[in-house]
Amino acid sequence: MNEVSNALEATGLGRRYRQKWALRDCTLSIPEGRVAALVGPNGAGKSTLLGVAAGLIPPSTGSLKVLGEDSQNQKAGLRRRVGYLDQQRPTYSSFRVEEILHFGKSSNPSWNMEIARGHLSRLNIPLEARVSNLSGGQQAQVALTVCLAKEPELLLLDEPAAELDPVAREDLLRLLMRQVAESGSTVVLSTHALNDVSAICDYVVVLARSRVVLANDIDFVLESHRFLSTKLSENVELPPGVVPLDAQRSARETTILARIELPFFDSRWDIEQPTLEEIVMAYLRQGAPSRPLDDEGAK
Amino acid sequence: MIWTAWRQQRSVAVAMSVVAIAFLGYLLYSGFHQQALWTQYLARPCRGDLNTPVRYQTYCSGLLDTVQNSGHFNRFIVNVGIILGPLFGSILGVSSVTREVEQRTTRLVWTQSGTRSQWLASKYLVNIAIIVTIFGPMFLMLGWWNRAAHYGARIAPSSFPIAGFLLLLYSIVAFTAVVTLGLFIRRAGWTFAVGLIFAGLVIFGMEFGVRPLLVSPTFVVVSSSEITQGSTSGFYASGGAPSNSWGRGGGYAPVGTTVTPSTQSLDAYSTKFYGCLNTPRGHEKTGYTYCSNRLNLEYVGIFVPDSEFWRLQFEEGSIYLGIAILLSATSYLRVRRMLA
């Protein structure tokens with residue numbers, strides 16, 4: 001039996017709109033059971049990657065396997081296993097909330113009405129309300145409810161917390177964590193909020209200029225990056241295996257955020273552990289593709 | 001999916017039903033009213049103004065005026081009936097599919113457990129059911145109205161679309177055209193306009209370009225009696241195409257013709273005949289008889305008999321159905337590959 005271990009597996013994936021590449025040379029794998037964050041500036045290709053994974057956008061080059069199947073497989077089997085929340089939260093605005101749940105139920109054999117009603121009840125969203133009369137945040141929650149109540153094996157969430165107030169955002173993150181804990185689903189979410197990434201994700205994919213520049217376990221990413229500081233007067237060369245990502249020079253010293261190979265000992269350098277935000281920001285500033293990190297980190 | 005497709009179209013279907021019921025109500029009133037007037041006019045003493053006794057002539061000509069006045073809007077009613085088909089079909093197509101593509105709710109529905117093909121099939125099923133529900137009674141009622149109001153021969157072009165089931169197919173063709181175009185154009189307004197024009201062109205092309213090729217016209221010899229008494233001249237024609245047929249014109253043909261002459265043949269002989277009438281001998285009182293005898297020609301009327309009505313309805317209906325199937329297949333292929 002062919003055992004599936006990756007929820008998403010992209011090989012040379014690219015998507016071009018006319019002459020412009022929205023996503024290019026994307027090769028990555030996101031293991032099952034992870035909560036993975038897609039991070040990158042606007043236009044980096046996050047939504048395109050999720051759209052291809054959801055079967056909404058056909059790739060121009062390469063392929064993407066979703067739960068072991070081709071993402072462009074239009075059969076109902078794969079769609080049943082994948083939940084997708086679009087960035088624009090399209091929903092039937094003339095429907096009542098109750099009718100949206102009915103739509104979800106009639107469209108998904110695995111629909112769990114308890115989850116749907118429970119989620120909306122916690123958020124005090126009335127079932128008889130018309131969707132068009134709800135606030136933007138409430139509409140986003142209704143769209144998310146449709147996604148979650150389907151109980152998919154893979155959740156693709158395009159900026160799920162974008163329109164939510166801080167309380168709703170917190171609720172959403174808790175909900176996602178509970179969902180993963182209870183069902184073992186894989187979650188891939190795109191976000192600009194790096195705080196959320198540290199809080200709930202265990203895998204990070206950084207996209208810049210339509211390319212993947214980092215994709216790995218967050219623990220490994222944290223362990224394999226360090227701030228290295230040295231006095232300016234000391235003309236010290238970087239040790240072998242260290243790849244500088246970002247450098248800051250003050251009057252007295254130079255600080256480099258670098259990818260290192262463990263174990264790392266070098267008395268000439270002061271070593272400090274960066275936060276995930278600092279690492280991600282360094283990659284985004286750098287913007288160029290880099291040598292893939294040690295695959296061991298993903299295991 | 002079927003529930004969702006119906007829920008989306010519910011208010012549109014209700015609004016259309018209200019319009020259709022109002023139209024049917026007016027047809028009912030107009031049909032009964034005109035039927036009653038015609039019955040009165042065709043009965044004694046007027047008997048359709050044939051051999052009316054002198055003392056009733058004023059009454060009968062007044063009644064004829066009333067009959068004609070009551071039918072003043074008949075052409076308008078027929079046009080409304082014909083326009084409602086493609087109009088409703090286009091509205092249903094835009095509201096069910098194009099608007100969903102435009103508002104990108106396809107990104108919601110295409111990521112549920114059903115396939116895109118199932119989604120499209122549910123749209124077709126629900127909307128065609130709405131069309132049949134609305135236009136089923138409407139085409140039956142228009143057929144009745146056509147007879148009741150003595151509007152015209154059912155096989156004649158003016159009545160043909162409303163006297164059978166073609167109205168239903170106009171609507172289905174417009175619906176499938178708008179659905180298919182909407183998957184390419186993606187904008188509701190443009191799709192509606194282009195779809196309606198497309199449906200109009202198909203219907204127009206069918207009536208003027210295709211239908212005449214589908215019919216098998218027959219002919220009848222129009223007997224003429226020369227008027228030679230008194231100061232008037234000319235001839236009295238009798239016979240001709242039945243009143244319930246689709247008259248396709250006429251012309252001169254050799255005496256004893258057994259097959260329906262072609263238009264070209266009629267034109268050629270008619271030109272000869274009128275050439276003869278333009279001679280000095282032809283200008284005489286007996287010129288008509290002279291030319292007929294000299295050229296051995298007689299006047300024939302070409303017509304499509306009423307008995308061809310259902311055959312023609314089915315043939316034309318099959319073409320519309322074929323167009324609708326072709327468009328549906330295109331939309332099916334498109335929806336499977338299109339970017340959401």
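Okay, let's start where the two chains meet: 23 residues of chain A and 21 residues of chain B make up the contact. Keep in mind throughout that this is a predicted model.

Take the chain B side of that contact. Helix 1 (2-42), helix 4 (106-109) and helix 11 (309-337) of chain B each put in at least two residues. Which helix gives the largest share of the side of chain B that touches chain A? That's helix 1 of chain B, with four residues. And if you sort the side of chain B that touches chain A by class, you get six nonpolar, nine polar and six charged residues.

Let's stay with chain B for a minute and talk domains. Domain 1 of chain B is made of 2-213 plus 308-337, and domain 2 of chain B covers 218-305. Their C-alpha centres are 40 Å apart. Where the two meet, four residues of domain 1 of chain B are in contact with six residues of domain 2 of chain B. On the domain 1 side, those residues are three nonpolar, no polar and one charged.

One residue to look up in chain B is B:I197. You'll find B:I197 in helix 8 (residues 188-214) of chain B. Buried, exposed or partly exposed: what is B:I197? Well, B:I197 has 13 other C-beta atoms within 10 Å, and a residue counts as exposed at 12 or fewer and as buried at 20 or more, so B:I197 comes out as partly exposed. For a sense of distance, B:I197 and B:N278 are 81 residues apart in sequence, and their C-alpha atoms are 47 Å apart in space.

Now over to chain A. Chain A also comes in two parts, domain 1 (6-218) and domain 2 (224-298). The C-alpha centres of domain 1 and domain 2 of chain A are separated by 33 Å.

Next up, the sheets of chain A. There's an open sheet of six strands in chain A, and its order is 6-7-8-3-9-10, with mixed pairing. Strand 6 (82-85) and strand 10 (211-217) of chain A sit at the edges with a single partner strand each, so each has one side without a neighbour in the sheet. On average, neighbouring strands here are turned by 15° against each other, ignoring direction.

Strand 6 of chain A runs parallel to strand 7 (residues 154-158) of chain A, and the pair is joined over four bridges. Within that pair, A:Y84 is opposite A:L156. Helix 5 (residues 136-149) of chain A lies across both strand 6 and strand 7 of chain A, at about 175° to strand 6 of chain A.

What does A:L156 touch, leaving out residues up to four places away in sequence? The answer is A:L50, A:A53, A:A54, A:V82, A:G83, A:Y84 and A:V188. A:L156 also belongs to the largest nonpolar core, which has 163 residues. Along with A:A36, A:V204, A:V205, A:V206 and A:Y283, A:L156 touches the most other members of that core. As background, nonpolar side chains in soluble globular proteins tend to be buried together.

On to the other sheet. Chain A has an open sheet of four strands too, ordered 12-13-11-14 and paired antiparallel. Here the edges are strand 12 (243-249) and strand 14 (270-272) of chain A, each with a single partner strand, so one side of each has no neighbour in the sheet. From one strand to the next, the twist averages 25°.

Strand 13 of chain A has two pairings to show you. With strand 11 (residues 225-231) of chain A, strand 13 (residues 253-259) of chain A pairs antiparallel over seven bridges. In that pairing, A:R226 has A:A258 as its bridge partner, and A:H225 stands opposite A:R259. With strand 12 of chain A, strand 13 of chain A pairs antiparallel over six bridges, and there A:R249 is partnered by A:T254. Strand 12 and strand 13 of chain A are joined by a hairpin through three residues.

Last stop, helix 9 (residues 276-286) of chain A. In the six-stranded sheet, helix 9 of chain A lies across strand 3 (35-39), strand 9 (203-208) and strand 10 of chain A, at about 25° to strand 9 of chain A. Helix 9 of chain A also packs on the four-stranded sheet, where it touches strand 11, strand 12 and strand 13 of chain A and makes about 95° with strand 12 of chain A.

Terms used: Residues are numbered from 1 along each chain as its sequence is written. Chains are lettered from A and ligands numbered from 1 in the order in which they are written. This is a predicted model: local features need pLDDT of at least 70, side-chain atom pairs count only at pLDDT 80 or more; totals for chains, interfaces and linings use all residues. Two residues are in contact if their C-beta atoms, placed from the backbone, lie within 7 Å. Ala, Val, Leu, Ile, Met, Phe, Trp, Tyr, Cys and Pro count as nonpolar, Asp, Glu, Lys and Arg as charged, and the others, Gly among them, as polar. Two strands pair if DSSP finds at least two bridges between them. Axes are lines fitted to C-alpha atoms, for helices over the stretch in contact, and angles run from 0 to 180 degrees between N-to-C directions. A nonpolar core is a set of buried Ala, Val, Leu, Ile, Met, Phe, Trp, Tyr and Cys residues joined through C-beta atoms within 7 Å. Domain bounds come from an automatic or database domain assignment.
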